[in-house]
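Biologist: Could you walk me through a structure I am new to? I would like to go slowly, one topic at a time.

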Amino acid sequence: MQYLRHSAAALFLFGIPFCANAEPLTVEIVKDLFSEAQLVSNPVEVECTLSGGAQTTCIQITVVPAPTTYEAGPWCPTNVKDGPESSGIWFYDGEVVDADGAFFSQLAMLYEDDNWQVVDPETGDVRYTATAEACAAAARPDVAEEYQNSCVQCLIEYIDGDLTVTYSIPVEPVASEAPADVRRTSVGVAFNGIRIDGPAPLEAILGAYTIATFDDCGGHVNLPVGYHYHAVTDCLAHSHEEDSAQVEGHASVVGLALDGHFIATHLNTDGSAPDDLDACYGHSTSDLGYHYHAGKPGSNQNLGCLTAQAGCSQGEEGETCDATARPPRP
Ligand SMILES: [Zn+2]
Ligand SMILES: [Zn+2]
């Protein structure tokens, strides 16, 4: 991932400590950070109302919710013989597991429920949503009976070609009275333009005897919001070897939370997890100021909460962000 390296280097050249909290976001910085996102137009400064009622300045960006630096997928195996290279991942017991054919053949045992029948016992075929229609019917809370017991996948090409997602993020974080719950909201946006989401509703998904697999980058598609992440994986990290001098062994900074703080990957470059994170998964360092570390892939929790007031993760390009007026979802 070249872009992060370049943006980090560029910011340092101008004497701006990369991602430091003290420096407000500008259109130029955001343009640079999001250079590999599918931006629909240039970022703009707008007036916005944050979740706690603060009126401030936000940077608004509008993106196409599909990745450009890699091909999304695969998600569902089609037969029990399919290995991990032709399937995605799933979160089981707080860990990332390969959602390959072998995994699907063991669902009844793993979830201790014989109603799991995703695999045809005669042919070994894995039932999956093979059309846009099936994806739309299955990737929702109230899964129609005929799509239960399926691996749910929605392909990138099922997304409406005109779908865009608009984010309005404060140029400087504004303190909130209490940390905001993120269990049912998106938490931010990765620098590649992809939504970093709140937890996937695993109970509802499993309750319908479906597995809505993620690809190896932790992403899957639903039709209203496009491709989005339920895990922050190394797919988003830049090469540590070449720029370790800039981040000094610190985890890669990979995106912006809706409250204007930066989000880094879970682990530092030496494989250690920071041990001083608060309930929101944030901490302060002298180089980076206050920032978050995404939760462990498999934990189904990208952030614990938002420390500061959130901007908006929905609406149309040019629409005024009033985060007090909207339900938090999607
Ligand atoms: Zn999802
Ligand atoms: Zn850190």
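Modeller: Let me begin with a term we will need: a residue counts as buried when its relative accessible area is under 20%. Please also keep in mind that this is a predicted model.

Biologist: Okay, then is histidine 283 buried or exposed?

Modeller: Histidine 283 counts as buried, because its relative accessibility is 8%, and that lies under the 20% cut-off. Histidine 250 is buried as well, with a relative accessible area of 10%.

Biologist: Let's change topic. How many disulfides does a search of the whole structure find?

Modeller: The search finds six disulfides. A disulfide is a covalent bond between the sulfur atoms of two cysteines. If you count the bonded cysteines along the protein chain, the pattern is 1-2, 3-5, 4-6, 7-8, 9-10, 11-12.

Biologist: Can you take me through one of them, say the one with cysteine 48?

Modeller: Cysteine 48 is joined to cysteine 58, with 2.0 Å from S to S. The torsion about their S-S bond is about 80°, so this disulfide is right-handed. Because cysteine 48 lies in strand E1 (residues 44–49) and cysteine 58 in strand E2 (residues 55–63), the pair ties together parts that are 10 residues apart in sequence. Cysteine 48 counts as buried at 2% relative accessibility, and cysteine 58 is buried too, with a relative accessible area of 0%.

Biologist: What about cysteine 280 and cysteine 305, is their disulfide left-handed or right-handed?

Modeller: It is left-handed, because the torsion about the S-S bond of cysteine 280 and cysteine 305 is about -100°. The pair links distant parts of the chain, 25 residues apart, with cysteine 280 in the loop between strand E14 (262–264) and E15, and cysteine 305 in strand E17 (residues 305–308). The sulfur atoms of cysteine 280 and cysteine 305 are 2.0 Å apart, and both residues are buried.

Biologist: And how far apart are the sulfur atoms of cysteine 312 and cysteine 321?

Modeller: In that disulfide the sulfur atoms are 2.1 Å apart. The link of cysteine 312 and cysteine 321 is right-handed, with 85° about the S-S bond, and both cysteine 312 and cysteine 321 are buried.

Biologist: One last topic: how many aromatic pairs are there?

Modeller: The count comes to 11 aromatic pairs. One of them is formed by tyrosine 70 and tyrosine 227, an edge-to-face pair at 6.3 Å centre to centre with 65° between the planes. Tyrosine 70 lies in the loop between E2 and strand E3 (89–92) and tyrosine 227 in strand E12 (residues 226–229), so the pair ties together parts that are 157 residues apart in sequence. Tyrosine 70 is buried with a relative accessible area of 18%, and tyrosine 227 counts as buried at 0% relative accessibility.

Biologist: Which residues do ring pairs link into a cluster?

Modeller: That cluster is made of Tyr92, Tyr111, Trp116 and Tyr209.

Definitions and conventions:
Residues numbered from 1 in each chain as written. Chains lettered and ligands numbered in written order. Predicted model: local features only at pLDDT ≥ 70, side-chain atom pairs only at ≥ 80, totals over all residues. Heavy atoms only, no water. Buried < 20%, exposed > 50% of the residue type's maximum accessible area, 1.4 Å probe, protein only. Disulfide = S-S within 2.5 Å. Helix = DSSP H or I, 4+ residues; strand = E, 2+ residues; numbered from the N terminus. Phe/Tyr/Trp six-rings, centres within 6.5 Å; stacked < 30°, edge-to-face > 60°.
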